[in-house]
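Subject: Handover of a structure and the findings from it

Dear colleague,

Please find below the structure that I am handing over to you. My findings follow it, arranged by topic.

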Amino acid sequence: MLGGVVILVILIYILRLFSLQFMNDDFKKNADSNAFLKRIQFPARGSISDRNGKLLVYNQPSYDIMVVINEMENLDTLGLCQSLGIEMDWFLRRMNEIKDRNRNPGYSRYTQQLFMSQLSGEEFSNFQEKLFRFPGFYIQKRSIRQYTNDHAAHILGDVGEVSPSDIEEDEYYQSGDYIGKQGVERSYEKQLRGVKGSEILLRDARGRIKGRYQNGKLDQAPIPGKNLTLSIDLELQALGERLMKGKLGSIVAIEPSTGEILCMVSSPTYDPHLMVGRQRGKNHNLLSQDPMKPLLNRAISGRYPPGSTFKTSQALTFLQEGVISPTGTAYPCSHGFHLGRLTVGCHGHAAPLPLIPAIATSCNGYFCWGLYHMMANRKKYPTVQDAMTTWKDYMVSMGFGYKLGIDLPGENRGMIPNAQYYDKAYKGSWNGVTIISISIGQGEVCLTPLQIANLGATIANRGYYITPHVVKDVQGEPLDSAYTQRHYTKVDPANYNYVVEGMRHAVTGGTCRAANTSMYEVCGKTGTAQNRGHDHSVFMGFAPRTNPKIAVAVYVENGGFGAVYGVPIGALIMEQFINGKLSEASEAKARDFENRKISYGTSAR
């Protein structure tokens with residue numbers, strides 16, 4: 001028994017020694033922290049410029065206060081708080097946050113932890129003089145983002161402190177690091193952030209820095225982040241934001257041949273400078289509580305009925321499926337579509353009429369009849385579900401119903417109903433009349449302004465689109481192939497010519513006359529999207545007609561008819577990009593729209 005006890009004790013000691021030497025590194029960390037100080041060297045974050053090389057985002061020096069908990073001996077806490085201008089309650093709360101492993105998964109009492117971030121140059125100078133009085137505290141230089149102007153906040157995004165989930169998802173980060181939170185700062189985080197470096201400093205027995213360990217042989221220099229060139233035109237973006245002041249909605253402009261986004265306006269917007277410095281959290285909270293939702297990127301996250309802009313997609317589907325012929329099919333419209341007790345109203349115009357005038361006058365009756373005949377055709381589609389599935393497949397091929405894949409976070413997929421949706425809603429008993437409103441972009445159909453603009457780009461290209469994107473170039477690496485490939489729709493290019501003709505007639509003598517100009521041929525389509533309150537004003541178009549340079553969508557919530565806000569704003573955007581400036585008359589119009597306000601009251605979404 002005595003022998004067994006001795007052997008057991010020896011085994012316990014061996015296991016404990018093994019644990020201390022191989023399984024637990026606390027003593028090693030403690031020894032290393034006494035002899036060395038490993039200081040992280042943060043890389044410069046990549047800068048961001050517009051398509052013409054105008055700088056949008058750059059870095060400026062900032063200073064963080066770091067703390068090593070294990071070295072906080074005989075700390076003059078009151079003196080520290082007075083030196084930094086903080087309250088004792090804040091100090092105690094911050095220390096608890098640092099030690100909380102749920103909020104700070106990488107916590108170690110032997111390594112540097114972030115105590116306070118983003119000191120200004122003046123704050124840094126004042127504190128540096130007193131630093132020797134506070135053992136365990138260090139100053140670490142890094143950089144923060146700065147902006148050259150107050151535009152494009154939703155595109156650029158912002159940078160903030162990492163969350164616990166960020167640290168868990170990527171071992172690159174530790175508590176106190178910064179990460180892109182929104183916009184391209186988020187979607188291109190790995191390219192922008194660069195690679196951290198480090199330097200190892202040697203300390204004496206009293207913790208004083210004696211120099212670099214082995215003359216810096218083990219130091220690693222940081223690798224700067226890559227610079228981004230955006231596809232947006234800063235002047236065009238600024239004009240769009242001017243035109244949308246006092247309004248809710250969005251403007252999206254795309255270069256059809258490349259899919260590059262030329263401007264993306266979400267209104268209301270905010271000044272990106274609010275997201276810099278220690279006041280970022282407070283400002284973000286204030287913006288998030290604003291009932292007008294300035295943080296919401298309506299261009300990619302807003303879901304809206306597209307209204308009559310959607311009729312172009314219906315015309316293309318009906319042509320391809322043989323439901324209509326370009327000139328031979330004429331439908332009646334006696335102030336709308338009438339079938340039994342159902343009426344879908346329409347404004348007064350000549351009737352019956354074929355496709356091109358129907359697009360030009362935005363005839364509701366024409367497109368209602370087209371959808372009705374497609375859904376009722378039992379020779380081609382055995383059931384209404386088969387017809388609906390065919391219709392849905394066309395819509396998906398045009399970029400609806402799913403995310404387009406823009407290189408920004410927060411994109412909404414919109415809504416394109418399918419047969420299963422209606423089977424569930426109507427218990428299998430439905431037909432073309434039941435769903436007639438989708439033919440004119442109402443009912444269950446919802447698109448984002450980005451998808452409406454992409455429809456314009458697809459028509460401009462006569463049948464294909466390239467996934468819209470806001471980054472034109474990443475320094476030192478090719479653009480993702482997802483933003484260079486063409487996506488062809490299910491419609492033959494020849495059928496697009498008829499829709500283009502109809503959109504051209506809409507500008508020369510139809511609902512888009514306010515966009516007509518002698519400088520180039522504009523093609524357009526209005527939309528007046530019905531709403532619980534005042535109707536939304538919508539425009540989708542492109543120019544010039546041949547070799548188009550720009551496709552644009554304008555969506556003004558509660559703006560009324562498409563011709564009231566959508567068309568003139570879209571025309572100004574096209575003129576600015578194609579000509580590089582506005583004429584004197586157009587500039588006067590721009591000032592007028594800048595000063596127009598729409599009252600939203602409690603209906604703001």
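Two strands count as paired if DSSP finds at least two bridges between them. By that criterion S18 and S19 pair, in the antiparallel sense and over seven bridges. Please note that this is a predicted model.

Two pairings can be followed at residue level.

**Nonpolar cores**

In soluble globular proteins, nonpolar side chains tend to be buried together. The largest nonpolar core in this model has 96 residues, and Met264 and Trp391 touch the most other members. Beyond its neighbours within four places in sequence, Met264 is in contact with Ile155, Gln237, Ile251, Val252, Asn297, Ala299, Ile300, Ile406, Leu408 and Leu450. Another core, of 37 residues, lies apart from the largest one; among its members are Leu243, Leu248, Val265 and Cys512.

**Pocket and cavities**

The largest pocket holds about 1,000 Å³ of space. It is lined by 44 residues, of which Leu114, Ser117, Gly160, Glu161 and Tyr178 are the closest to its centre. Two or more lining residues come from each of these elements: helix H4 (88-99), strand S4 (113-119), strand S5 (137-147), strand S6 (159-161), helix H7 (164-169) and helix H11 (280-289).

Two cavities of 30 Å³ or more were counted. The largest cavity contains about 40 Å³ of space, and its lining consists of Lys38, Arg39, Ile40, Phe42, Met66, Gln112, Gln140 and Gln174. Strand S1 (residues 36-41) gives the most to that lining, with three residues.

**Individual residues and their surroundings**

Asn454 lies in helix H18 (residues 449-460). Because its relative accessibility is 1% and buried means under 20%, Asn454 counts as buried. Leaving out residues up to four places away in sequence, Asn454 touches Ile254, Met398, Leu404, Tyr465, Ile466 and Pro468.

Val471 is located in strand S16 (residues 471-474) and is buried, with a relative accessible area of 0%. With residues up to four places away in sequence again set aside, Val471 touches Val184, Tyr188, Leu228, Thr229, Leu230, Ser231, Asp407 and Leu479.

Arg133 is in the loop between helix H5 (121-128) and S5. Its relative accessible area of 35% makes Arg133 partly exposed. Neighbours within four places in sequence aside, Arg133 is in contact with Asp76 and Gly79. Arg133 and Leu80 are 53 residues apart in sequence, and their C-alpha atoms are 8.4 Å apart in space.

**Backbone geometry**

One joins Ser267 and Pro268, with omega about 5°; Pro268 is in the loop between S12 and H11. Another runs from Ala351 to Pro352, with omega near -5°, and Pro352 lies in the loop between strand S14 (342-345) and helix H14 (355-361).

His335 is not a glycine, yet has a positive phi of about 55°. His335 is found in the loop between helix H13 (311-320) and strand S13 (336-339), where it is exposed, with a relative accessible area of 53%. Ser362, likewise not a glycine, has a positive phi of about 55° and sits in the loop between H14 and helix H15 (364-376). Is Ser362 buried or exposed? At 7% relative accessibility, Ser362 counts as buried.

With kind regards

Conventions
Residues numbered from 1 in each chain as written. Predicted model: local features only at pLDDT ≥ 70, side-chain atom pairs only at ≥ 80, totals over all residues. Heavy atoms only, no water. Core = buried A, V, L, I, M, F, W, Y, C linked by side-chain atoms within 4.5 Å. Buried < 20%, exposed > 50% of the residue type's maximum accessible area, 1.4 Å probe, protein only. Contact = heavy atoms within 4.5 Å. Helix = DSSP H or I, 4+ residues; strand = E, 2+ residues; numbered from the N terminus. 1 Å grid on protein atoms, 1.4 Å probe; cavity = no way out; pocket = protein on both sides within 12 Å on 5 of 7 lines; lining within 4 Å. Points joined across faces, edges and corners; volume = space filled by probe spheres on them.
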